[in-house]
Amino acid sequence: MTITEQPGADLPLQQQERVVIRFAGDSGDGMQITGNQFTSTSAFVGNDLATLPDFPAEIRAPAGTRPGVSGFQIHFSSADIHTPGDAPDVLVVMNPAALAVNLTDLKPGGMVIANTGNFKATDLKKARLDKNPLEDGSLDGYRVIEVDINDRVARALEDSPLSAKEVQRCKNFFALGIMYWLYSRPLEPTLNWLAEKFAKRPEVAEANQKALRAGFNSGDIHEMFQGRYEVAKCDVLPKGRYRNIMGNQSLSIGLVAGAELAGLKLFLGSYPITPASDILHQLSAYKHHGVFTFQAEDEIAAICSALGASFNGYLGVTTTSGPGVALKTEAMGLAVSTELPLVIVNIQRAGPSTGMPTKVEQADLLQAVFGRNGEAPMPVLACATPSDAFETAIEACRIAVQYMTPVMLLSDNYIANGSEPWRLPELDSLEPFPTEFRTEAEGYKPYSRNGKLARPWVKPGTPGLEHRIGGLEKENISGNISYDPDNHQLMTTLRNDKVMGVRDSIPKPEVHGPESGDLLVVGWGCTYGAITGGCQNMRARGASVANVHLRHVWPLPHGLNDLFSNYKRVLVPELNMGQLARILRSEYPKHEILSYMKVEGRPFTTTDVMAKIREIQEQV
Amino acid sequence: MADEKTLTKKDMKSDQEVRWCPGCGDYAILNCVQGVLADLGIPKEDFVVVSGIGCSSRFPYYMNTYGFHSIHGRAPAIATGIKVTNPELSVWLVTGDGDGLSIGGNHMIHMLRRNLDVKILLFNNEIYGLTKGQYSPTSPIGQRSKSTPFGSVDRPFNPLSLALGAGATFVARTIDTHMKHMEKTLRAAAEHKGAAFVEIYQNCVIFNDGAFDDVADKKVRSEKTIDLRSGEKLVYGKELDKGIKVEGFDTEVVDADRATVWDPSTPSPAPGFLLCQMDTDPRKPTPIGIFREVDAPLFDVEMNRQIDDATKAKGEGSFKDLVYAGDTWEV
């Protein structure tokens with residue numbers, strides 16, 4: 001569809017490089033679907049994008065209340081972008097609670113599109129507002145567009161066979177339609193999606209399609225908008241085939257790929273926990289990939305079943321979040337002691353204890369690296385973005401099987417539920433790392449080791465190689481139980497050397513920016529976007545700042561000491577109280593390592609990082 | 001190959017020195033298990049013995065099979081991962097009253113309800129042995145132990161009631177000093193398709209010596225125990241002159257000719273439940289033998305069937321199909 005054929009085509013069309021929209025409403029209002037549709041359509045038109053859903057932990061908090069507000073933010077752009085955006089340019093609110101919760105984030109001068117149909121006295125009361133914010137001046141300084149979506153949808157669907165209540169459920173598509181008009185997006189992807197989604201209930205598909213069109217056409221009303229916008233296709237993205245992907249999706253596919261590249265079948269033992277459950281859901285649909293998924297009775301059974309599967313020659317995986325990791329700790333020690341491959345995925349969330357299950361935090365790093373009884377070293381990896389979770393998951397599988405060790409893979413709520421365009425890898429470029437099982441009985445010793453210090457892997461059922469393993473200390477080579485003091489020292493050292501040896505198989509991390517200078521910003525995990533964007537912007541403003549992002553957080557890659565020497569200071573922004581900084585200070589004590597911490601349950605913004613860099617510059 | 005030749009008990013013994021206390025009931029059980037397993041016609045390499053933590057859980061080290069000595073209470077979960085990923089293996093789980101009913105109680109009931117095809121040997125000595133003498137979830141009220149110097153006030157579990165309540169498809173009890181009965185019971189457990197739960201009264205000579213003497217001692221055994229045999233009358237006594245009648249919601253001691261004919265495969269587990277509760281009544285004999293034996297779908301088989309069916313229906317998947325899926329676009 002070309003712009004000139006559209007309603008409102010006579011209005012001025014402005015080009016914008018990037019826009020951040022946040023949809024917010026009640027958790028029953030379908031804001032996640034609305035956001036996802038806007039995302040798919042923006043991907044379809046070729047924008048670069050990043051998204052961040054923000055939903056309450058409560059499934060259905062009382063309707064219209066502040067705890068029940070669900071939001072979805074999308075940043076779409078014709079330029080290369082790294083985060084879902086610091087502050088929305090446009091805030092679409094379906095009720096007063098959504099406005100009250102989200103208004104503080106809106107950019108000064110930003111646009112509010114409010115559904116006035118839900119701003120009645122009872123709605124205001126539910127949102128604990130004494131006055132109507134649309135009338136009391138609290139929106140001064142913003143552009144406010146008022147639309148009674150309830151009424152418009154009811155009128156648009158007068159002829160619909162749906163009940164009045166069902167008709168009101170189409171409101172989100174009306175709101176989406178307005179945004180499609182305002183940002184000159186095509187309707188077809190969503191129209192098709194609705195037809196497919198509600199194939200069995202064509203009347204529902206049709207009502208939502210009508211609502212979408214009605215919203216789109218309402219843009220034609222000149223009083224509502226003075227113009228419309230266009231965000232052109234992003235041309236700076238590397239060439240290739242793309243799809244939009246969420247972190248938990250790509251991590252799931254990465255695990256399947258990792259197992260396949262290792263020549264193994266995948267076994268997932270898991271217990272439902274926010275925000276990791278989607279991996280269990282997704283992998284349980286992959287039965288035809290030979291993937292076993294076992295929803296265990298608890299977190300402990302989940303990891304133990306995975307370890308049992310690994311003993312049997314499968315790639316055992318367990319997925320969870322921080323509280324679940326705490327429960328799995330003892331079994332991780334057993335995996336360290338029995339030297340079996342195992343991938344433990346922690347989709348971190350805000351803690352301690354139950355904390356804030358739907359909010360982001362990176363505070364499980366020290367738990368991952370050190371949180372076991374005894375000397376129990378374990379490699380720890382962290383993915384940086386939704387699409388990066390694919391490769392990082394493969395890397396976790398590689399290390400687990402090549403080194404016969406449990407590996408912790410850290411993701412978090414921000415990556416898990418965020419999305420971005422994923423440049424699909426050349427599949428043949430992914431290098432297989434086939435597993436060898438020992439079948440030769442002659443000379444077999446369960447705790448003999450290869451060049452990587454990995455012990456041989458033997459499947460039960462192999463004749464002549466019957467052996468016993470367990471959590472008691474083992475005699476070097478034979479694997480028999482041993483309480484010998486020298487042997488314990490030796491085995492402890494061997495286990496540690498094996499894990500530290502992983503660094504010989506990993507690349508030096510890539511440095512962005514000058515090879516030496518005032519400041520090096522070191523990041524890990526989901527801070528990638530904010531750090532990359534923040535440092536880029538500061539470099540463009542002449543700052544002498546470089547940045548490096550660590551995928552391997554334990555053991556740390558070779559060369560960091562030398563790298564740190566090239567900068568006056570090192571800054572480590574983390575969504576915790578300075579955990580990686582603490583590790584880096586103990587590993588590289590010669591350097592001045594500054595910590596930038598944030599534990600608000602929210603990610604860093606690009607602006608946060610820029611402000612911190614400025615602050616440090618001013619101190620010099 | 002091993003499956004071509006007949007195994008002997010000796011083949012099942014590992015080269016590790018057995019380190020239980022002299023006189024421990026575990027020796028008799030180990031001896032019996034080695035004999036039964038050698039006779040099953042299963043190749044040695046297809047056995048996996050899994051255990052948790054406790055005296056009994058040292059068991060895998062003494063078996064010349066594949067073995068996994070895991071962590072406290074978690075053997076059922078480890079065994080689940082093993083059995084599901086290779087249903088061909090014969091998986092044996094060795095646990096105790098502390099390991100299996102206290103710290104691992106949750107895993108135990110879930111393994112039983114799922115009907116995972118593993119054989120569970122629960123050594124019940126009504127005490128914590130390896131931690132040196134604390135009361136366990138099967139210790140009777142009043143039991144004096146290191147942690148109950150004034151006597152236990154905990155009501156104990158009846159392991160068989162628990163297993164029946166969890167939906168176990170095979171439930172039995174035997175005694176460490178009753179070699180013939182143990183052998184017969186373990187063989188029946190081995191032949192059962194599904195989760196087979198066997199409680200073994202096991203004497204701890206150090207911390208709870210003689211716990212079962214009032215029923216298990218050879219001198220009183222025939223009067224104080226009754227062996228539940230499928231298709232036979234529930235009779236006991238030296239002269240087999242006494243019997244048990246199961247009627248309504250209770251059991252009563254009757255003359256042998258009025259005794260109920262035992263059927264462990266009734267649709268309801270209720271008769272087995274009534275019988276296993278008899279040990280709380282000193283006037284009634286303590287039942288041993290098979291309380292329940294029914295068929296149900298096997299968890300490990302069903303899980304594999306789903307994978308096979310999905311693979312047949314959709315063809316064998318590759319991760320490559322997953323990467324290039326959904327809406328994609330070219331830049």
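A polar contact, as I use the term, is a pair of N or O atoms within 3.5 Å; within protein, one must be able to donate a hydrogen and the other to accept it, and residues adjacent in sequence count only if both atoms are side-chain atoms. Keep that in mind for A:Arg243, where I start.

First, the ground rules. This is a predicted model, where local features need pLDDT of at least 70, side-chain atom pairs count only at pLDDT 80 or more, and totals for chains, interfaces and linings use all residues. Residues are numbered from 1 along each chain as its sequence is written, chains are lettered from A and ligands numbered from 1 in the order in which they are written, and side-chain values use heavy atoms, with hydrogens and water left out.

So, A:Arg243. Its place is strand β9 of chain A, residues 241–246. Helices (H or I, at least four residues) and strands (E, at least two) are DSSP runs, numbered from the N terminus. Is A:Arg243 buried or exposed? It counts as buried, because its relative accessibility is 10%. The cut-offs: buried is under 20% relative accessible area, exposed is over 50%, and partly exposed is in between, with a 1.4 Å probe and protein chains only.

Now the polar contacts. The A:Arg243 side chain reaches the backbone oxygen of B:Leu322 at 2.8 Å. A polar atom of that side chain also lies 3.3 Å from the backbone oxygen of B:Ala325. Both partners are in chain B.

What else does A:Arg243 touch? Contact means heavy atoms within 4.5 Å. Not counting residues up to four places away in sequence, the list includes A:Ile253, A:Glu420 and A:Pro421 from chain A, and B:Val323, B:Asp327 and B:Trp329 from chain B.

Two strands pair if DSSP finds at least two bridges between them. β9(A) pairs with strand β14 of chain B, residues 328–330, in the antiparallel sense over 3 bridges. There, A:Arg243 has B:Thr328 as its bridge partner. β9(A) is also joined by 5 bridges to strand β16 of chain A, residues 419–423, again antiparallel. In β16(A), A:Trp422 stands opposite A:Arg243.

Step back to the whole interface. Chain A puts 70 residues into the contact, and chain B puts in 58. About 5,500 Å² is buried between the chains, with 64% from carbon and sulfur atoms. Buried area is the accessible area (1.4 Å probe) that two parts lose on being put together, summed over both. On the chain A side, A:His288, A:Glu297 and A:Arg468 lose the most area to chain B, together 14% of what that side buries.

Next, chain B on its own. An automatic or database domain assignment sets the bounds. Domain 1 covers 1–211 + 297–331, and domain 2 covers 223–295. Their centres, taken over C-alpha atoms, are 26 Å apart. In the contact between them, 17 residues of domain 1 meet 18 of domain 2. The two domains bury about 1,400 Å² between them, 58% of it on carbon and sulfur atoms.

Now strand β8 of chain B, residues 196–201. All 6 of its 6 residues are buried, so the strand is largely enclosed by the rest of the structure. In a regular strand the side chains alternate between the two faces of the sheet. Here B:Ala196, B:Val198 and B:Ile200 point one way, and B:Phe197, B:Glu199 and B:Tyr201 the other way.

Which strands flank β8(B) in the pairing? β4(B), residues 118–124, runs parallel to it, joined by 6 bridges. B:Ile120 stands opposite B:Phe197. β7(B), residues 170–175, also pairs with β8(B) in the parallel sense, over 6 bridges. B:Arg173 has B:Glu199 as its bridge partner.

Another sheet in chain B has 3 strands. It is open, antiparallel, and ordered β10-β11-β12. β10 (235–236) and β12 (250–255) are the edge strands, each pairing on one side only. Between β11(B), residues 242–247, and β12(B) there are 6 bridges. One of the partnered pairs is B:Gly243 with B:Val254.

Last, two spots in chain A. A:Lys612, in helix α20 (residues 606–619), counts as buried because its relative accessibility is 17%. A:Pro589, in the loop between α19 (579–587) and β23 (593–597), counts as exposed because its value is 63%.
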